[in-house]
Amino acid sequence: MLNKFKKSKLKEIKILVDLKFHNKFPPEWGKNKESFSKAISNSLDKINIIAEFKKASPSLGNINSKADLENVLVFYKEGGAIAFSILTEENYFAGKIDFLYRAALFGLPILRKDFIFHPLQVEITATTPASAVLLIVRLFEDMSDFERLYFYSLEKKLEPVVEVFSEKDLEIAKRVGAKIIQVNNRDLNSLKVNLETSYNLIKYKEDNEIWISASGLSKRSVLVDLKNIGYDAFLIGTYLMKQEKICLTLRNLVYGGNN
Ligand SMILES: O=P(O)(O)OC[C@@H](O)[C@@H](O)c1c[nH]c2ccccc12
């Protein structure tokens, strides 16, 4: 799957190259951005949830095609999410880059979720309200390309959230000094979820690193368990997008019990 994802971005990259060539690239986002890492480290005592807006996925197809961005995000915010993850990939996840601008109105930090491997994708992200950008280690054949994009993101004042699936990925993430590590429980090639990935990799967590567990999460007891072994935040999409009572469900995950 990873190659398919990469391929589906080529058209967009070509458009970005043209924009750059004709000097039509938009200016960087001028307003203040909410810090993604601070939102997590400021509230380490509670269950920190990064709530994801995701209308479709390659493993499930349609998740909630009728979902309206504003309607969902208002419940995410009221439900106690500390940040948003917004899918902008169009072909497999029914996302749009435009969602980032609309999400900014809610005042929570935004992570741009997409398949990013070209410097102009980072550059265009810097023109949006997103304060963090996902970099998936496996997407890069050449690790010097990953390294370059990692530092380019920092230069563009974006916080790179580095996604790993294995010890090998993690080693590469650590080599650049990644501060925000996201362990994806779903293997992006087979699309299978295995929570053991989160349990296995946490032993490598070091001081001053923020660790996020992502994918296949829906039970508060699992979140509490993962928090106890060191996870600072949890990224949840499908489960929330499928709820009729998003706000209540989220509150129960964050605070537990009968909220
Ligand atoms: O919908 P879930 O199982 O709660 O998973 C959310 C998130 O982890 C997932 O969307 C994701 C994690 N890494 C990605 C990389 C690209 C696209 C999507 C993702």
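I began with Thr 238, where a polar side-chain atom lies 2.4 Å from an oxygen atom of the ligand. I count a polar contact as a pair of N or O atoms within 3.5 Å. Next I looked up Lys 54: an N or O atom in its side chain is 2.8 Å from a ligand oxygen. For Gly 216 I found a backbone N or O atom, again 2.8 Å from an oxygen atom of the ligand. Taken alone the ligand exposes 440 Å², and the protein buries 97% of that (areas by the Shrake-Rupley method with a 1.4 Å probe).

**A note on the model.** I am reading a predicted model, where local features need pLDDT of at least 70 and side-chain atom pairs count only at pLDDT 80 or more, while totals for chains, interfaces and linings use all residues. Residues are numbered from 1 along each chain, and side-chain values use heavy atoms, without hydrogens and water.

**Ligand surroundings.** I found 20 residues around the ligand, with Glu 52, Glu 163, Ser 215, Gly 237 and Thr 238 the closest (a heavy atom within 4 Å).

**Largest pocket.** A pocket is an open set of points on a 1 Å grid over the protein atoms alone, where a 1.4 Å probe fits, with protein on both sides within 12 Å along at least five of seven lines; lining residues have an atom within 4 Å of a point. I noted about 460 Å³ of space here (the volume filled by probe spheres set on the points). The lining has 30 residues, and Glu 52, Lys 54, Lys 113, Arg 186 and Ser 215 lie nearest the centre.

**Second largest pocket.** I read off about 300 Å³ for this one. Of its 17 lining residues, Lys 9, Glu 12, Ile 15, Glu 90 and Ile 97 are closest to the centre. Helix α2 (residues 10-21) gives the most to this lining, with 4 residues (helices are DSSP runs, H or I, of at least four residues).

**Helix α2.** Which residue follows α2 with a positive phi? I found Asn 23, with phi near 60°.

Notes:
Helix = DSSP H or I, 4+ residues; strand = E, 2+ residues; numbered from the N terminus. Polar contact = N/O pair within 3.5 Å; in protein donor to acceptor, adjacent residues only side chain to side chain.
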